[in-house]
Structure formats: structure tokens, C-alpha cells
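Welcome! Please take a look at the model first, and then read on.

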Amino acid sequence: MEISPKENAQYFSNNTILPVDRSSFKSESSASKEKQSCCGGIKIFLGALSFVYFAKALSGSYLKSTITQIERRFDIPSSLVGVIDGSFEIGNLLTIILVSYFGAKLHRPRIIGAGCLIMSAGTFLIAMPQFFMGRYRYERFPSTMNSTVSISPCLQDKSQTPLSALEKFQAKINAGCEKEAGSSMWIYVLLGNLLRGIGETPIQPLGITYIDDYAIEEDAALYIGCVQTLAIIGPIFGFLLGSLCAKLYVDIGFVDLDSLTITHKDVQWVGAWWLGYLIAGAISVVAGIPFWFLPKHLPKPEGRKDSSTSSEQSKFITEDNKEQHTSYQQQVKIGEMAKDFLPSLKNLFGNPVYILYLCASILHFNSLIGMVTYKPKYIEQQYGQTSSKTNFVIGLINIPAVAFGIFSGGLIMKKFRISVLGAAKLSLGSSFFGYLLLLSLFAMGCENSDVAGLTVSYHGTKQMSGYEQGLFSDCNSDCMCSQNDWDPICGENGITYVSACLAGCQASNGSGKNTVFFNCSCVGILESPSRSSSAVMGPCQKGNECPKMFLYFLVTSVITSYTLSVGGTPGYMLLLRCIKPHLKSFALGIYTLAVRVLAGIPAPVYFGVAIDTTCLKWGSKRCGGRGACRLYHSSTLRYMYLGLTLVLGTMSIFFSIAVLWVLRKRSAPQNETLSANGERGTCVTNSRKDNFFNSDHLIQTTYWPEKETRL
């Protein structure tokens, strides 16, 4: 039954409140009509909210997929990319308390619609630098360009290089240096992500509570579960979109692709990162339109008009301020709402279960957000995979495992009628076994690529001395080389050389990607005199064992993702059932705020700083200064990335144990009291049949910041 928004608003405004003393005289037909209209209104809101969740999840996951692309395009280190990623959480920080507290008492659908417009504006702003910066320039020696002049890579004497060609090459460098100010355009990416965070703020706290307030009790769980489960489709499409855009060159449509000297497998390749943001921004605009036509209130279903706190929920809520349970008037002044702010905040922080669970979640999300943010980079550097393949694998394999885990957690809660105490146990067990599986990933890594002067010496032995000091050797001492260049070539001996000059190559043939170098003195050290010492463009592939290790990593990663996700729904239910009903929206806002400030903002930054310490070869900017990292130490990167994740996760488990201990301590004496009175025996925690969560939240899948990319 399709009902226009105008008709919905007119009908709902006339039927919001029904007198109790006349309810018994309603006919069956009028009751059926009201139920049908109510369901129609809430289903329209449900469809709109599901699409918004899809839109925000798509743009958020797409940002994760472009982390390495942004790093290379703006020539910035991982730590600065972490600041850009954390700016989303800063945007939430600026508005989350006001939106979650005051927004719950105002026109919630329209606030969500306004948030969508702000979110789309931020997404468009992220893509804007592409249209104001110059064309992307990667490091390449002039001999590899499409030129009629043949220049020896090893410049033993400047006189052997035609003066016009050398001057032309230097002029290009100087021209690029004048436009170096364009590299500061990453600030617009940061500001755009900040706006995304502001716009996304009202969607979760206001949207979920709107459904919880106006849905039929037995349908609320299904509705919220559908919203959260459908939100998983967003990251799948986000990473698949990232995979597609990573294959397209950054300046596609503006340059001749045949003239490129690198492929999408090259470490300097930058895909069309900006294209996905334009698509994501357009989707956010469309997603926000329906909310401007939805009513402020819907008629509450008959069975929920006088609903009170569930017996199990009241068991864990202190009964001290019962007068706060009275419902608010529809028309509430801002001043009256502000007067209740501090008492509500004090009430929340006086709840030990809420505080302990909040601490556990902060540590847990520090672990997960840092891991998820740099997972594409880790796969690319550890296993030698391209950005396109990495995003494809994450979107098509990891994220469905997360979705299945979330749904499984809700299903377990419903089937076995798990209590609050059981939910705490399930959440703890999920984290424990998930991090235990994560421990096995330490054994699934690849060895360092053999790079002369960095990981191995020019004689093929393992490099033990300082990194960049080892780039020069007797075989290239006669060449005029720079240690700042990164233009790797692969020698016949299977060793990668930082540049053709450092490989001592005397001649080259061909142009662009098909360039072949000959008479490379450093390559010839390990070759027999009868063989020619040649090399080709691009780095050598990783060892033969690496593809096998990558397969093991994928399988273990999928199982770990599923295991960690199973505990999400029980943990969320634990949070909802241990706070007072009228504080639900506010409590979720404070929870989200704390996670944003103490996990979402700092985690990408210090994870990025830790990853930067494992860099072996930094790129250089045209006007001097350090650029993006070109090569990481594989073993150190693995221990740093996984170790930091595991330490934070282990610390969160201890707080989860404390939550379980408090719940046990609080439920034990109340069980004795309830059993003695005989009136509320249904609240006994150990009873499996009579003591379980209300059905309005049983299959509800959980929300957490950037949950959609929890891998």
C-alpha cells in the first residue's frame, strides 16, 4: 500500500495521541487501518534509513580503499594520512553530543536529511584537489620517456649527455618545483572528511531510536537488523569501486595513456581516486531527499503506548530517579532540555557497567580502526599485491564475513534467549578467540624483496649496515647517481635496483614501459662473464612462497573477521539493556563520542607513525623534502602492524572480564531477593526460558564507528 508523504503527515498529525479511556471501544476495522498506516510510515522511514546507511558506509569504506592512493598523489607519509583519516572522527566530535541530545527532541528525519547534504558536500570537497592540481608526475629517468634522444643511465660524464636534453630535463624539474605548492592541497581532503564526519553524526543515534520508538515491538528487531545488515552492502560496493578506480590512471582523460611508463603494479601508480568520491557524493545527495518529507512523529503502535522498562533491563538499572522515566512533552523548550543535561550525564557515568564497557570498546576500536585503516597498505607491501586486487579481495571476501558474523550474533541471541550476563560472556568469548586467531598471522608473512643496497648488498648477501649508505658501491662509483631517486629496475639476477644509474647501466633500448637496460655493471657482479648484464623496467616479483602465504592470510583473515563480528550484537545489547530507556539516545551519543575521540582520531595517527618507522626508502619531493615511502621492511612492518593490534585487543579483553564480574556481582543478590518475593522471578539471570532480551532487539545487528569496514 503506497501512501504519499503528504497524506502520511496529515494522517499522523491527527492521530498521534489516542485517549486511553476510548481505546476499548475501537472497532477492529479502525484498529487494522491504524496499524496498516503506522506500518506504512515506519517502512518508508526504514527504506530511507537503509539507503542512507548504504551511502555513508560506501563513502567511508571508499576512503579506506584510497589511503595509499592519497598518500602517493600528495606525496605525504602514513602518519599524515592517519590525520586525514581521523578528521572524520573530529567532525563527529564537534556535533555528536548536541545532535544526540537535542536532536532526539526535535524533527529527527529533517536533521538526518540535513546531515546527508553536509556529508555529500564533504565528499565532493575531497575530490576537488584533482581539478586544481597539476598533472601527476612520477619519478622516471629521461631515457625511459618517449624521446628521440638516448641518454645513458649512468652519467659518467655530463659531456656525454646532449646539453639540450639535460637542460630540458632540468627545466621540467624546475617547472614542477614552481607548482610544488599544489602538494598542500591535501588540506582540502582533510576538510572534506571533516564535513563528512559532521554530516554523518545524526544518522545512527536519531535513526535507530526513531525506529525503536515507533515500530511494532515484535518488528523492531527485524527492522533495525535489516538496516544494519543492509549497511554491509555499502562497504562491499565501496571497496569494489575502489578496486575499479585503482586500475584507472589518476589523470585519465587528460593524458595519453600510451605514453605512461608505469603500470598499475608499480609502487608509484596512482589510480583515479577522485572519481569514486564524485559517485559517493551523488549517492549521498539522493539518500537525503526522502527525509525532508517524513513527519516528526508517527503514531505509536497500540501495544507499545504504555510500554515500560523490561524486567531484565530494570534489573541492571538503579531505581533511584524514577521520576525521570516520565515521558517528555512534545513541545519542549531548549532551555528545559539543557537543564536536564548534567543530571543525565551524571546518571550515565554513575553506571559501572556502562563505564567499563566503554573502556573496553575504546581499546577494542583502537585496535580495529588502526588495523582496518592500514590493511590495504599492509597487503600491498607485505604480499606485493596491487591496490586494485587488494580492494577487490577486501570487498568481496572480508566484508561479507563481517556481515555474516554480525547476523550470526543476533541469531544466537534469539535462538538461545541469551540474557544480559550471557551476552557479556558471548562478547568476551568472541574477542578472545578472534585475537587468538590474529596471533597466527605473525607466521604468514613474506620475506623482504631483494633490493640492492637496502635489503641485500650488491654481492647478494643480506644487508646489515645503514640503509641508504649502502646504495653506493664500487660497481656504480663512476656514475653520477642520486640516492633520492626511486626508479626501480629488475636485473637478470633477480635483484631489484633502486635505479638504472645505481645499477651501473651504460645503455638502454626502447622507451616507456618497454625500456631494457644493458651493460649494467652491478648486475654483472653476480653473473658469469659470458652473460650480458641487462635489466628491465620495474621491480622484481616477490619470492615463490609469497602467493601461498597470501592465500593462508586470506583464509585466516576471513575466519578472524567472522569471529570478532559475532560478539558485536551481544555487546551492543549489553549496552542498551544497562541504561535507562529515556537515556538511550544520549548514551549512544556519548559512547560514539568517546570512541571517536579516544580511538577514531588517534588510532590512524599512531598506527601511521609506527608504520613509517619501518620504511627503508623514502621518496623525495621535487623541491626537496621527504615524500611518501617507496619500500618497507616486510618483517618489521608485520610485527609492528599486527603487534600493535594484538596488544590493544588484549587490553580490551581485561575490561570485558571486569564487565562480566560486575554483572555477576550485581545479579547475584538481586536473584535472591527476587526469588524470595516471588513476584519478579522472571528476572533471574540463570533462567534460560523466562529470562531473555525483549524481541525488539534480538536480531538487531550492532553499530560501531566505521563498523562497516571492520575486517
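Strand 6 and strand 7 (residues 626–632) pair in the antiparallel sense, over four bridges. What you see is a predicted model, in which local features need pLDDT of at least 70 and side-chain atom pairs count only at pLDDT 80 or more, while totals for chains, interfaces and linings use all residues. Residues are numbered from 1 along each chain as its sequence is written, and side-chain values use heavy atoms, with hydrogens and water left out.

- Helices (H or I, at least four residues) and strands (E, at least two) are DSSP runs, numbered from the N terminus, and two strands pair if DSSP finds at least two bridges between them.
- Five of the six residues of strand 6 (residues 615–620) are buried, so strand 6 is largely enclosed by the rest of the structure.
- Buried here means under 20% relative accessible area, exposed means over 50%, and partly exposed lies in between (1.4 Å probe, protein chains only).

- An open sheet holds five strands in the order 2-1-5-4-3, with antiparallel pairing.
- At its edges are strand 2 (496–497) and strand 3 (505–509), each of which pairs on one side only.
- Inside the sheet's order, strand 4 (residues 516–520) pairs with strand 5 (residues 535–537) in the antiparallel sense, over two bridges.
- Valine 516 has valine 536 of strand 5 opposite.
- Strands of a sheet pair through backbone hydrogen bonds, either parallel or antiparallel.

**The nonpolar cores**

- A nonpolar core is a set of buried Ala, Val, Leu, Ile, Met, Phe, Trp, Tyr and Cys residues joined through side-chain atoms within 4.5 Å.
- The largest nonpolar core has 133 residues, and those touching the most other members are Phe74, Ile211, Trp273, Tyr354, Tyr383, Leu574 and Leu663.
- Helix 2 (residues 28–65) gives the most to this core, with twelve residues.
- At least three residues of this core come from each of domain 1 (39–139 + 183–299) and domain 2 (338–446 + 544–665); the domain bounds come from an automatic or database domain assignment.
- Apart from this core lies another, of 29 residues, including Leu471, Cys481, Ala500 and Ala503.
- Which residues does tryptophan 273 touch, not counting residues up to four places away in sequence? They are Tyr62, Thr66, Gln69, Ile70, Arg73, Phe74, Ile126, Ala127, Gln130 and Val250, where contact means heavy atoms within 4.5 Å.
- In soluble globular proteins, nonpolar side chains tend to be buried together.

**The disulfides**

- How many disulfides does the structure hold? There are six, a disulfide being a pair of cysteine sulfur atoms within 2.5 Å.
- Cysteine 446 and cysteine 546 form one of them, with sulfur atoms 2.0 Å apart.
- This pair links distant parts of the chain, 100 residues apart: cysteine 446 is in the loop between helix 19 (420–439) and strand 1 (489–491), and cysteine 546 is in helix 20 (residues 546–566).
- The link of cysteine 446 and cysteine 546 is right-handed, with 105 degrees about the S-S bond, and both cysteines are buried.
- Cysteine 481 and cysteine 501 form another disulfide, their sulfur atoms 2.0 Å apart, and this link is left-handed, with -90 degrees about the S-S bond.
- Cysteine 481 counts as buried at 16% relative accessibility, and cysteine 501 does so at 9%.
- Cysteine 505 and cysteine 520 also form a disulfide, with sulfur atoms 1.9 Å apart; the torsion about their S-S bond is about 100 degrees, so the disulfide is right-handed.
- Because cysteine 505 lies in strand 3 and cysteine 520 in strand 4, the pair ties together parts that are 15 residues apart in sequence.
- Cysteine 505 is buried, with a relative accessible area of 0%, and cysteine 520 counts as buried at 0% relative accessibility.

**Helix 9**

- Is helix 9 mostly covered or mostly exposed? Helix 9 is mostly covered, with eleven of its twelve residues buried.
- Among the buried residues of helix 9 are Ile203, Leu206, Ile208, Tyr210, Ile211 and Tyr214.
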